[in-house]
Amino acid sequence: QVLPADIVFLCAVSDDGEASDVCYVQTAQLDGETNLKLRSTLQETVAAIQSDSQASGFRGHVECEAPNEFFDKFTGVIQLDSDSTPN
């Protein structure tokens, strides 16, 4: 699915309902590279988000660095609210 935005990847749920900690990102419009880049998330967010319904109820706070030109790293801190734990 194409999402033209600055995002923090928390989890992906496939059509068969399996949660994943990886996704592919296309940055061609930013850096001209046409290869998809593999990105991963924290196991804690995958554990907290196992379905679309859990994703819609997800609550937390992200503090991150200012936008920059580096695509290969991200520095930030995520805090999950206590009511965002798996059901």
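Reader: Let's start with Ala 66: is Ala 66 buried or exposed?

Author: The general idea is to compare the relative accessible area with a cut-off, and exposed means over 50%. In this predicted model, Ala 66 has 57% relative accessibility, so it counts as exposed.

Reader: And where does Ala 66 lie?

Author: Ala 66 sits in the loop that links β5 (60-64) and β6 (76-80). Its C-alpha atom is 9.8 Å from that of Gly 76, ten residues apart along the chain.

Reader: Let's follow that to Gly 76. Which element holds Gly 76, and which residues does it touch?

Author: Gly 76 belongs to strand β6. Leaving out residues up to four places away in sequence, Gly 76 touches Glu 63 and Cys 64. There is a C-alpha separation of 7.0 Å between Gly 76 and Val 62, which are 14 residues apart along the chain.

Reader: How do I class the accessibility of Gly 76?

Author: Partly exposed covers the range between the buried limit of 20% and the exposed limit of 50%. Gly 76, at 41% relative accessibility, therefore counts as partly exposed. Cys 64 is also partly exposed, at 46% relative accessibility.

Reader: Where is Cys 11 found, and what is it in contact with?

Author: Cys 11 is in the segment before β1. Apart from neighbours within four places in sequence, Cys 11 is in contact with Ala 19, Ser 20, Thr 41, Thr 45, Val 46 and Ile 49.

Reader: Which residues make up the largest nonpolar core?

Author: Nonpolar side chains tend to be buried together in soluble globular proteins. Here the largest nonpolar core has six residues in all: Leu 10, Cys 11, Val 46, Ala 48, Ile 49 and Phe 58. Leu 10, a member of this core, is in contact with Thr 41, Thr 45, Val 46, Ile 49, Phe 58 and Ile 78, once neighbours within four places in sequence are set aside.

Reader: What joins the side chains of Thr 41 and Thr 45?

Author: A polar contact of 3.1 Å joins them. Thr 41 is in the loop between β4 and α2. With a relative accessible area of 15%, Thr 41 is buried. Beyond residues up to four places away in sequence, Thr 41 touches Phe 9, Leu 10, Cys 11, Asp 21 and Val 46.

Reader: How far apart are Phe 9 and Thr 41?

Author: In sequence they are 32 residues apart, and their C-alpha atoms are 6.2 Å apart in space. Phe 9 lies in the segment before β1 (12-13). Aside from neighbours within four places in sequence, the contacts of Phe 9 include Ser 20, Val 22, Cys 23 and Arg 39.

Reader: Stepping back to the chain, in what order do the elements run?

Author: Reading from the N terminus, the order is β-β-β-α-β-α-α-β-β. That gives three helices and six strands. Among contacts with a separation of 6 or more, 44% are between residues 24 or more positions apart.

Reader: What do the surface and the burial look like over the chain?

Author: Of its 87 residues, 16% count as buried. The accessible surface comes to about 6,900 Å², and 51% of that belongs to carbon and sulfur atoms.

Reader: Finally, what is the mean pLDDT, and which elements have the lowest and the highest values?

Author: The mean pLDDT of the chain is 80, with 87% of residues at 70 or more.

Methods:
Residues numbered from 1 in each chain as written. Heavy atoms only, no water. Helix = DSSP H or I, 4+ residues; strand = E, 2+ residues; numbered from the N terminus. Buried < 20%, exposed > 50% of the residue type's maximum accessible area, 1.4 Å probe, protein only. Contact = heavy atoms within 4.5 Å. Areas by Shrake-Rupley, 256 points an atom, 1.4 Å probe, with all protein chains shown as cover. Core = buried A, V, L, I, M, F, W, Y, C linked by side-chain atoms within 4.5 Å. pLDDT = per-residue confidence, 0-100. Polar contact = N/O pair within 3.5 Å; in protein donor to acceptor, adjacent residues only side chain to side chain.
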